[in-house]
Amino acid sequence: MPRLTRLVTSATIMAISATLVPAHAHFIPSQAQADSASPTPDIATQDMGNGIYMLTGPGGNIGVLSGEDGLFVIDDKFDRFADQILTRLREISDGPIKFVLNTHYHGDHTGANARMKEAGATIMAHDNVRARMGTTFRNTLFKRDVKATKPEQWPVLTYSDTATLHINGRTVRAIHTPNAHTDGDTIVHIVEADVIHMGDNFFNGLFPYIDVDSGGTLQGMIASHDLALDMASETTQIIPGHGPLATRDDLQAARDMLQDILNRVEARIEAGDSLKKMLEADLLEDYKEFSSFIDEDNMVRMAHRSLGGS
């Protein structure tokens, strides 16, 4: 099969990976564990133009739409970075923080929700985000329990499929992507600004984490890429859940890699191979540069489970 065009350098992947440590705290919400480290001045602002900003640093990328109505914010990292996030938002605008939209339930995207509520924001998300945040369950991949968060962290405005906001002269469309990274993911399209925030449906430059225990599937991840590709043009700016600001070509390359991985694992299943045999075969050796806390073996495991394996 054709090799993926390498659009992100190894050095960039190493830099991205540095923001994903510790992996468990970032992608499997354990607020006590996430809050145990002292905050460092790691949150930076990238001006994307037209009143749109991306806040980067440990945890998921934050999107910001600024204008006369106030601030519309997408995700809010960990609670320990709340003061820094609020400082960066105040540097952008002294207007009210009107809404924070959580793209999914993980603690590196929802951790500062309570502080954002205190600052006046309405927290919104898909129905399943609120349900997941209030549930304790077992994560099979990392072999640990995921604890329910406190109610003050939960969104207060939820939707089942799509939501549309009209704010700062823009149309903001929130679109649920079923069974992708989780079962509660949202893609956010700021239509007139030609900006898409993918949440963790898109990891730019590294293997994605697919939370199969929370309803995620590799097939759904691919479908979410297809949905965004249909909305995107050559000039669209795409904010990934993790990694640098991306283009449509970057998203297409990631989608092609995921499809290739799915095809390889599916072919091995059809040939009767066990998961153990697939891991021994080193199926993704040619993609090893995309490894971070999700390495080649974990990527195969998630693909295998997405296809019905145990």
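The model is predicted, so local features need pLDDT of at least 70 and side-chain atom pairs count only at pLDDT 80 or more, while totals for chains, interfaces and linings use all residues. Residues are numbered from 1 along each chain as its sequence is written, and side-chain values use heavy atoms, with hydrogens and water left out.

Let's start with the rings. Rings of Phe, Tyr and Trp (its six-membered ring) pair if their centres lie within 6.5 Å; planes under 30 degrees apart count as stacked, over 60 as edge-to-face and the rest as tilted. That rule gives seven aromatic pairs. One of them is Phe142 with Phe293, stacked at 6.0 Å centre to centre with 25° between the planes. Phe142 is in the loop between strand E7 (137-139) and strand E8 (144-146), and Phe293 is in the loop between helix H10 (275-280) and helix H11 (296-306), so the pair ties together parts that are 151 residues apart in sequence. Helices (H or I, at least four residues) and strands (E, at least two) are DSSP runs, numbered from the N terminus. Ring pairs also bring in Tyr209, making a cluster of Phe142, Tyr209 and Phe293.

Buried means under 20%, exposed over 50%, partly exposed in between (1.4 Å probe, protein chains only).

Now on to H11, where eight of the eleven residues are buried. Among them are Met299, Val300 and His304. Just after H11, Gly308 takes a positive phi of about 100°.
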